[in-house]
Amino acid sequence: MSCEVCNNKESKMRMSAFAPYFIDGIKVCDKCFLHGFIPYEKMVKAISNYNSIIDIPTELIPIIKDTLAFYKVSVWDFMVDVEETRRNNFV
């Protein structure tokens, strides 16, 4: 079972750093778990459930920023991905 964030072979099924807002299990290694990283696609999908950026719980902001830095994704690109996912959810 590989880590869904960094592909490390040593991973375990754990609760995402977005809990309790989004309850989902993810396969992550110890390093990614300690840093609170979550898979980019799952983060985009979770945030796309909010109607507005101002509705995102403040507790999630540092996790989002750290995960974006890990994946080297700009906030702009992240918001574009969130909006695209939101639109696709309603099609």
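Author: Exposed means over 50% relative accessible area, buried means under 20%, and partly exposed is in between (1.4 Å probe, protein chains only). As for ground rules, this is a predicted model, where local features need pLDDT of at least 70 and side-chain atom pairs count only at pLDDT 80 or more, while totals for chains, interfaces and linings use all residues. Residues are numbered from 1 along each chain as its sequence is written, and side-chain values use heavy atoms, with hydrogens and water left out.

Reader: Which residues of H3 are buried, and what puts them on the same side?

Author: In H3, residues 61-71, the buried ones are Ile 63, Ile 64, Thr 67 and Leu 68. They cover an arc of only 130° around the axis, so they sit on the same side of H3. That arc is taken from the directions from the helix axis to the C-beta atoms. The background is simple: an α-helix has 3.6 residues a turn, so residues three or four places apart point the same way.

Reader: What covers the buried residues of H3?

Author: The cover includes helix H2 (40-47) and helix H4 (75-89). Helices here are DSSP runs of H or I with at least four residues, strands are E runs of at least two, and both are numbered from the N terminus.

Reader: Why is Ile 26 called buried?

Author: Its relative accessibility is 1%, so Ile 26 counts as buried. Ile 26 lies in strand E2, residues 25-28. Leaving out residues up to four places away in sequence, Ile 26 touches several others, including Met 13, Phe 37 and Pro 39. A contact means heavy atoms within 4.5 Å.

Reader: What makes the pair of Phe 18 and Phe 22 tilted?

Author: A search of the whole structure finds six aromatic pairs. In the pair of Phe 18 and Phe 22, the ring centres are 6.2 Å apart and the planes stand at 40°, so the pair is tilted. The rule pairs rings of Phe, Tyr and Trp (its six-membered ring) if their centres lie within 6.5 Å; planes under 30 degrees apart are stacked, over 60 edge-to-face, and the rest tilted. Phe 18 is buried, at 1% relative accessible area, and Phe 22 counts as buried at 17%. Ring pairs also link Phe 37, Tyr 40, Phe 70, Tyr 71 and Phe 78 into a cluster.

Reader: Which residues have the most contacts inside the largest nonpolar core?

Author: That core has 23 residues, and those with the most contacts inside it include Phe 18, Met 43 and Ile 64. E2, H2, H3 and H4 are the elements giving two or more residues to this core, and H2 gives the most, with five. A nonpolar core is a set of buried Ala, Val, Leu, Ile, Met, Phe, Trp, Tyr and Cys residues joined through side-chain atoms within 4.5 Å.

Reader: How do you know that the radius of gyration agrees with a compact globule?

Author: With 91 residues, a compact globule would come near 12 Å, and the protein chain has 13 Å, which agrees. The radius is taken over C-alpha atoms, and the globule rule is 2.2 Å times the number of residues to the power 0.38.
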